[in-house]
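Reader: Hey, I've got a chain open and want to talk through it. Can you walk me through the pairing and the charged contacts?

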Amino acid sequence: VVSEGTGALTYLQVVEQTEAGSLFISKDGNITFQDSLTGPSSATSVDLTDDGNGIPFSNISVVYGSELLYNRVVVTREGGTPQTSEDTDSQAAYGISTLNLDGLLFTNDGDSLALAQYLVGQYSEPEYRFDSLTVQMSELSTVQQNQLLALELTDQVRIKFTPNNIGSQIVKYAEIT
(Lines give C-alpha, C1' and ligand atoms only; values in the text may rest on other atoms or scores of the structure.)
Protein backbone atom coordinates (compact mmCIF):
# COMPACT_ATOMS: atom_id res chain seq x y z
CA VAL A 1 0.00 0.00 0.00
CA VAL A 2 1.37 3.36 -1.02
CA SER A 3 0.87 6.01 1.64
CA GLU A 4 -1.16 9.05 0.64
CA GLY A 5 1.10 11.95 -0.29
CA THR A 6 3.98 9.72 -1.44
CA GLY A 7 5.65 11.26 -4.47
CA ALA A 8 5.66 9.13 -7.60
CA LEU A 9 9.40 9.54 -8.15
CA THR A 10 10.20 8.65 -4.54
CA TYR A 11 8.08 5.51 -4.79
CA LEU A 12 9.60 4.50 -8.13
CA GLN A 13 13.08 4.90 -6.64
CA VAL A 14 12.12 2.46 -3.87
CA VAL A 15 10.91 0.04 -6.57
CA GLU A 16 14.25 0.50 -8.36
CA GLN A 17 16.19 -0.37 -5.18
CA THR A 18 13.93 -3.32 -4.34
CA GLU A 19 14.31 -4.81 -7.80
CA ALA A 20 18.03 -3.91 -8.11
CA GLY A 21 17.00 -2.33 -11.39
CA SER A 22 17.46 0.86 -13.37
CA LEU A 23 15.04 3.77 -13.53
CA PHE A 24 15.78 6.47 -16.09
CA ILE A 25 14.36 8.76 -18.73
CA SER A 26 15.02 7.11 -22.09
CA LYS A 27 16.31 8.99 -25.11
CA ASP A 28 12.73 9.20 -26.45
CA GLY A 29 11.64 10.96 -23.24
CA ASN A 30 9.77 8.09 -21.58
CA ILE A 31 10.33 7.03 -18.00
CA THR A 32 11.86 3.56 -18.22
CA PHE A 33 12.31 0.85 -15.61
CA GLN A 34 14.41 -2.26 -16.11
CA ASP A 35 14.58 -4.87 -13.37
CA SER A 36 17.81 -6.74 -12.69
CA LEU A 37 16.75 -9.59 -14.98
CA THR A 38 16.37 -7.31 -18.01
CA GLY A 39 19.34 -7.02 -20.33
CA PRO A 40 20.53 -3.95 -22.20
CA SER A 41 17.95 -1.65 -23.76
CA SER A 42 18.86 -2.81 -27.26
CA ALA A 43 20.91 -5.45 -28.97
CA THR A 44 23.23 -2.84 -30.49
CA SER A 45 26.81 -4.03 -30.58
CA VAL A 46 29.27 -1.13 -30.60
CA ASP A 47 33.05 -1.34 -30.43
CA LEU A 48 34.89 1.74 -29.22
CA THR A 49 38.58 1.37 -30.02
CA ASP A 50 41.86 3.22 -30.10
CA ASP A 51 43.31 0.97 -32.81
CA GLY A 52 41.30 2.03 -35.89
CA ASN A 53 39.10 -1.11 -35.91
CA GLY A 54 35.90 0.45 -34.58
CA ILE A 55 34.54 3.78 -33.46
CA PRO A 56 37.49 5.92 -32.38
CA PHE A 57 37.58 7.67 -29.01
CA SER A 58 39.93 9.92 -27.06
CA ASN A 59 40.39 11.25 -23.54
CA ILE A 60 39.51 8.00 -21.79
CA SER A 61 39.39 8.15 -18.01
CA VAL A 62 39.89 4.79 -16.31
CA VAL A 63 39.44 4.15 -12.60
CA TYR A 64 40.37 1.06 -10.63
CA GLY A 65 38.98 1.56 -7.21
CA SER A 66 36.65 0.91 -4.38
CA GLU A 67 34.09 3.66 -4.98
CA LEU A 68 31.45 0.99 -5.53
CA LEU A 69 32.87 -1.58 -3.10
CA TYR A 70 30.40 -2.95 -0.56
CA ASN A 71 31.38 -6.10 1.33
CA ARG A 72 28.63 -5.83 3.96
CA VAL A 73 25.07 -5.24 2.77
CA VAL A 74 22.11 -4.77 5.09
CA VAL A 75 18.65 -4.89 3.47
CA THR A 76 15.48 -4.18 5.43
CA ARG A 77 12.00 -4.48 3.99
CA GLU A 78 9.19 -2.27 5.25
CA GLY A 79 8.17 -3.83 8.58
CA GLY A 80 10.88 -6.49 8.36
CA THR A 81 14.03 -7.53 10.16
CA PRO A 82 17.41 -6.36 8.80
CA GLN A 83 19.03 -9.04 6.63
CA THR A 84 22.82 -8.96 6.34
CA SER A 85 25.23 -10.54 3.88
CA GLU A 86 29.00 -10.19 4.17
CA ASP A 87 32.15 -11.13 2.27
CA THR A 88 34.70 -11.66 5.04
CA ASP A 89 37.61 -12.20 2.62
CA SER A 90 36.89 -8.82 1.04
CA GLN A 91 36.57 -7.23 4.48
CA ALA A 92 39.96 -8.61 5.50
CA ALA A 93 41.55 -7.28 2.30
CA TYR A 94 39.86 -3.87 2.02
CA GLY A 95 38.18 -3.11 5.35
CA ILE A 96 34.46 -3.06 5.94
CA SER A 97 32.33 -1.02 3.57
CA THR A 98 28.60 -1.16 4.26
CA LEU A 99 25.57 -0.51 2.07
CA ASN A 100 22.26 -0.08 3.92
CA LEU A 101 18.94 -0.26 2.07
CA ASP A 102 15.84 0.37 4.18
CA GLY A 103 12.09 0.36 3.60
CA LEU A 104 12.12 -1.91 0.55
CA LEU A 105 8.95 -3.48 -0.84
CA PHE A 106 9.61 -7.19 -0.30
CA THR A 107 6.89 -9.33 1.26
CA ASN A 108 9.30 -11.47 3.30
CA ASP A 109 12.75 -11.29 4.85
CA GLY A 110 14.03 -14.11 2.63
CA ASP A 111 13.75 -11.82 -0.39
CA SER A 112 15.63 -9.10 1.51
CA LEU A 113 18.42 -11.58 2.28
CA ALA A 114 18.56 -12.70 -1.36
CA LEU A 115 19.05 -9.08 -2.47
CA ALA A 116 21.76 -8.54 0.17
CA GLN A 117 23.58 -11.66 -1.08
CA TYR A 118 23.24 -10.56 -4.70
CA LEU A 119 24.64 -7.09 -3.96
CA VAL A 120 27.60 -8.47 -1.97
CA GLY A 121 28.34 -10.75 -4.93
CA GLN A 122 28.27 -7.76 -7.28
CA TYR A 123 30.20 -5.21 -5.22
CA SER A 124 32.63 -6.97 -2.85
CA GLU A 125 35.72 -6.44 -5.02
CA PRO A 126 37.22 -3.25 -6.46
CA GLU A 127 36.37 -2.86 -10.10
CA TYR A 128 38.04 -1.55 -13.19
CA ARG A 129 35.73 1.17 -14.55
CA PHE A 130 35.63 3.59 -17.43
CA ASP A 131 34.72 6.92 -15.94
CA SER A 132 34.40 8.73 -19.27
CA LEU A 133 35.62 8.93 -22.83
CA THR A 134 35.21 11.36 -25.71
CA VAL A 135 33.94 10.60 -29.22
CA GLN A 136 34.14 13.27 -31.94
CA MET A 137 30.87 12.68 -33.80
CA SER A 138 31.89 14.97 -36.68
CA GLU A 139 34.79 12.63 -37.51
CA LEU A 140 32.59 9.52 -37.78
CA SER A 141 30.86 7.99 -40.75
CA THR A 142 27.06 8.17 -40.89
CA VAL A 143 26.88 4.47 -39.99
CA GLN A 144 29.08 5.00 -36.92
CA GLN A 145 27.09 8.06 -35.86
CA ASN A 146 23.86 6.07 -36.11
CA GLN A 147 25.37 3.23 -34.08
CA LEU A 148 26.20 5.63 -31.26
CA LEU A 149 22.90 7.48 -31.43
CA ALA A 150 21.04 4.17 -31.18
CA LEU A 151 22.57 3.53 -27.74
CA GLU A 152 20.50 3.93 -24.60
CA LEU A 153 21.28 4.03 -20.91
CA THR A 154 22.00 0.47 -19.63
CA ASP A 155 23.27 -0.66 -23.05
CA GLN A 156 26.70 -2.24 -23.19
CA VAL A 157 29.61 -1.33 -25.41
CA ARG A 158 32.94 -3.05 -25.90
CA ILE A 159 35.93 -0.82 -25.25
CA LYS A 160 39.33 -1.78 -26.64
CA PHE A 161 42.33 0.29 -25.69
CA THR A 162 46.05 0.17 -25.05
CA PRO A 163 47.04 2.46 -22.18
CA ASN A 164 49.72 4.89 -23.36
CA ASN A 165 50.16 2.62 -26.44
CA ILE A 166 52.25 0.27 -24.28
CA GLY A 167 51.63 -3.42 -23.67
CA SER A 168 48.71 -5.58 -24.66
CA GLN A 169 45.34 -4.20 -25.65
CA ILE A 170 42.71 -4.28 -22.89
CA VAL A 171 39.20 -5.32 -23.90
CA LYS A 172 36.33 -4.66 -21.47
CA TYR A 173 32.59 -4.36 -21.70
CA ALA A 174 31.01 -1.32 -20.11
CA GLU A 175 27.44 -0.40 -19.29
CA ILE A 176 26.32 3.08 -20.22
CA THR A 177 25.19 4.78 -17.02
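Reader: Let's start with Leu48: what is its bridge partner in S10?

Author: The bridge partner of Leu48 in S10 is Ile159. Strands here are DSSP runs of E with at least two residues, and helices are runs of H or I with at least four, both numbered from the N terminus. Before we go on, this is a predicted model, where local features need pLDDT of at least 70, side-chain atom pairs count only at pLDDT 80 or more, and totals for chains, interfaces and linings use all residues. Residues are numbered from 1 along each chain as its sequence is written, and side-chain values use heavy atoms, with hydrogens and water left out.

Reader: In which sense do S3 and S10 pair, and over how many bridges?

Author: Strand S3 (residues 47–49) and strand S10 (residues 156–161) pair in the parallel sense, over three bridges. Two strands pair if DSSP finds at least two bridges between them.

Reader: What sheet do they sit in, and in what order?

Author: It's an open sheet of four strands, ordered S4-S3-S10-S11, with mixed pairing. Strand S4 (55–56) and strand S11 (170–175) stand at the edges with a single partner strand each, so one side of each has no neighbour in the sheet.

Reader: Ok, charges now. How many salt bridges does a search of the whole structure find?

Author: Four. The criterion is a side-chain nitrogen of Lys or Arg within 4 Å of a carboxyl oxygen of Asp or Glu.

Reader: What does Lys160 pair with?

Author: Lys160 meets Asp47 in a salt bridge, at 3.9 Å from N to O. That links distant parts of the chain, with Lys160 in strand S10 and Asp47 in strand S3, 113 residues apart.

Reader: Are those two, Lys160 and Asp47, buried or exposed?

Author: Lys160 and Asp47 are both buried. Buried means under 20% relative accessible area, exposed is over 50%, and partly exposed is in between (1.4 Å probe, protein chains only).

Reader: And Arg77, what does it form a salt bridge with?

Author: Asp109, with the closest N and O atoms 2.8 Å apart. Arg77 is in strand S6 and Asp109 in helix H3 (residues 109–123), 32 residues apart. Arg77 counts as buried because its relative accessibility is 18%. As for networks, salt bridges with shared partners join Asp47, Arg158 and Lys160 into one.

Reader: What about Arg72, which side chain does it meet in a salt bridge?

Author: That would be Glu86, at 3.6 Å from N to O. Arg72 lies in strand S6 (residues 72–77) and Glu86 in strand S7 (residues 83–86), so the pair ties together parts 14 residues apart in sequence. Arg72 is partly exposed at 27% relative accessibility, and Glu86 is partly exposed at 43%.

Reader: Switching to Gln91: where is it, and what is it in contact with?

Author: Gln91 is in helix H2 (residues 88–94). Leaving aside neighbours within four places in sequence, Gln91 is in contact with Asn71, Arg72, Glu86 and Ile96, where contact means heavy atoms within 4.5 Å. So Gln91 touches both Arg72 and Glu86, and at 13% relative accessibility Gln91 counts as buried.

Reader: Last one, zooming out: how many helices and strands are in the chain, and what box do the C-alpha atoms fill?

Author: The protein chain has four helices and 11 strands, and its C-alpha atoms fill a box of roughly 55 × 45 × 20 Å along the principal axes. Of its 177 residues, 31% are buried.
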